[in-house]
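User: I've got a fold open on my screen and would like to talk it through piece by piece. Can we start with the strands and then move on to the helices?

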Amino acid sequence: MVPDSRQHKHNLALLCLGAAGFAITLGTHPVSFGLYLFYVCTFLGFSGKDNSVCALISATFCSIAVYYMLGDSIPLTGPAIVVLCVYSGFEVIFPFVLHHKLLELPVLDSLSHAKKSLLFPILVTATEYFHAKTFPYGSYGISAYTQFGSPSLMQLVSLFGIWSLSFFSSWVGGAVAQIILLNENSRQALSHTKLGVAQRLENSLLNSRQALSHVKLVVTVISLCLLFGGCRIRLLAWDGAFNAPSVPTVRTAGIWPKNTLHVREQMLRHHLGLAVDQIAGPGNSYNANWEEIVKLSLEDYAETEKRVKVEADAGAKVVMLPELALVTFDHESFPEEISKQAFLKRMAACAKENGVFIGVGVGFNQPFVEFEINMFLREALKLEKMVGLESNNFLLFSPTEISGSEFNEVVNGQQLNSHVNLHYRKMNPVPVIEAPFALEGNSTIPVHDVFLNGLDSEPVSTSAAICFDMENPTHIRGTATSALVLNPSYDWPGLNPYHARVVAFRAIENGVNIFHHCLAGTSLAVDYLGNVIGHADFFSAGAKVGKKQCVPLVNAPCDSLNMVANMPTIGVTTLYSIVGDALAWLCVGVGVGLSIWRIVGLDVGSENSKRKKKF
């Protein structure tokens, strides 16, 4: 047997290795192998007697990992980011602690090792679902996203969403750890001096058989999952020599106005008082450089019209602008040419003139409205009040007019112009840096049949979602009845390219094709199998100003490269689009039920022990 002191050191080393595995699953480029390393090593580290110490040590390691790996991804500072990191570190260790406690339930003693192995993934999935529903940043950080780049495994999310992949990866990690423990038990059984030789051999053989049975089960499950994913990719493929001729596509182009980042810097100074451009924010004095904002915005209007024409002449049927690419201001102190109505007329005329659909991410601003903010924001932003409200919209302008009766068939939307074919308002604004001044968005996602390839073509079921909406899988299920999702976005360097890759999981979950066009981030066009069919990086040094290399946020203005993709116009029906988060809710129910049973069981046991003492 291993002495206690050696066992403690051994467990500590395993927990350190597990925390290292956890660390490399974080950040902008998560490593998929790190997830399994984390599960296996941490599971083994909790195999000792004093698990309260293990939990504290492991949670501390994980909290530090979150702080250093995600510091640039989450727009928080000071005590707020520390609290969030500590919470995340303890949350990720919670399933290990609860698993160890629930194994003490007598009802589980009669179960085989194979059935018992389901308990750990149930607890992990339930915890991650709770995280997604309560965490300010939605599903950001869920373990399933680490598996981007494994096409066959990614297909599992078509069954029960990302919770399928969370369940699978945690089950594999726990099962491998259990195999190691059974082999260790087999070795220790032979050296048990208090038992006879025959008994030691029998115990050792029993553990070896259980380990071998576990190995067979793990290999079988992994093989079946890979086979499922491979068959799904092969059977549902829309591209290639045999399939592509029968599947129409729509040429979609993404363009970037050159001044949007600098307009947004000024707007954040106005709303939040942030020194994003190394100039002190205005607080409540409204002294953003409004003349510059108007000048740059009008330049972007004109630049958009030019770029739309270029892409239309090149054969594009849809031209996309990213989230908040353009802005309007409805106030007497601003010129009429930058009002909402002027913007609508200008974009409608551009769509009609060029014979293309134009998808525009636009902010409708009420610049001088004052409103109270909560204590947390007052402390974080050092502001007493906040100034200015903004409605974050996506509008799809049609080259032809759309009748009011036809548009009214689309849920949630006001037809602001006769050429507006689709109107969506962002439902999930980013906490802290957007939510405080964002007006209410759509609770459901509009889906509309649009003749993207012309009136003589088949209509394409089209919907839209904006940026951070993609971190809410339940909300994005509303796109499942569409074939094409237009997804304008706006990121920052700390999210690049992680946030774009999340889009691939939403595409597979709902059987849709997504054109994710992102300002200050990675743009991706993905099909309903998660295949990347278009890619552009806003931060690529490939963009140029004149003959010189240009890096956005360093050189201004910067002309980044456009993204063009031929998007398939068909989608597929998935199980997830029908049953939703059924697996996650099942795991929550089982986890909560067993936890209550464990607590009640302890109470009953303590009452019985008291009665025995009386007699």
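This is a predicted model: local features need pLDDT of at least 70, side-chain atom pairs count only at pLDDT 80 or more; totals for chains, interfaces and linings use all residues.

User: Which residue of strand 9 is the bridge partner of Ser 463?

Analyst: Strands of a sheet pair through backbone hydrogen bonds, either parallel or antiparallel. Across from Ser 463, the bridge partner in strand 9 is Val 485.

User: What stands opposite Leu 484 in strand 10?

Analyst: Strand 9 pairs with strand 10 (residues 513-519) too, in the parallel sense over seven bridges. In that pairing, the residue opposite Leu 484 is Asn 513.

User: Which are the edge strands of the open sheet of six strands?

Analyst: The strand order is 7-8-9-10-11-12, and the pairing is mixed. One antiparallel piece is strand 11 (residues 522-526) with strand 12, over five bridges, where Thr 522 stands opposite Asp 537. An edge strand here pairs on one side only, and that picks out strand 7 (447-450) and strand 12 (532-537).

User: And what does the twist average from one strand to the next in that sheet?

Analyst: The sheet in question is the open one with the order 7-8-9-10-11-12. From one strand to the next, its twist averages 20°.

User: Over to helix 13: where do its buried residues sit around the axis?

Analyst: The buried residues are Phe 343, Leu 344, Met 347, Ala 348, Cys 350, Ala 351 and Asn 354. They cover an arc of only 160° around the axis, so they end up on the same side of helix 13. An α-helix has 3.6 residues a turn, so residues three or four places apart point the same way.

User: What covers the buried residues of helix 13?

Analyst: The cover includes one helix and some strands. Among the strands is strand 3, where Leu 326 and Thr 328 point one way and Val 327 and Phe 329 the other, and all are buried. Strand 3 also runs parallel to strand 4, joined by four bridges. The cover includes helix 12 (290-313), strand 3 (326-329), strand 4 (357-372) and strand 5 (385-397).

User: At what angle do helix 11 and helix 12 cross?

Analyst: Two packed helices are described by the angle between their axes and the distance between the axes. The contact between these two involves residues including Val 263 and Met 267 of helix 11 and Ile 293 and Leu 296 of helix 12. Helix 11 passes helix 12 in a left-handed crossing. The axes come within 9 Å, and the crossing angle is roughly 150°.

User: Last one: is Leu 561 buried or exposed?

Analyst: Leu 561 lies in the loop between strand 14 (548-549) and strand 15 (563-568). Its C-alpha is separated by 7.5 Å from that of Phe 538. With a relative accessible area of 53%, Leu 561 is exposed.

Notes
Residues are numbered from 1 along each chain as its sequence is written. Side-chain values use heavy atoms; hydrogens and water are left out. Buried means under 20% relative accessible area, exposed over 50%, partly exposed in between (1.4 Å probe, protein chains only). The arc is that of the directions from the helix axis to the C-beta atoms. Contact means heavy atoms within 4.5 Å. Two strands pair if DSSP finds at least two bridges between them. Axes are lines fitted to C-alpha atoms, for helices over the stretch in contact, and angles run from 0 to 180 degrees between N-to-C directions. A crossing is left-handed if the near helix is turned anticlockwise from the far one by less than a right angle, and right-handed if clockwise.
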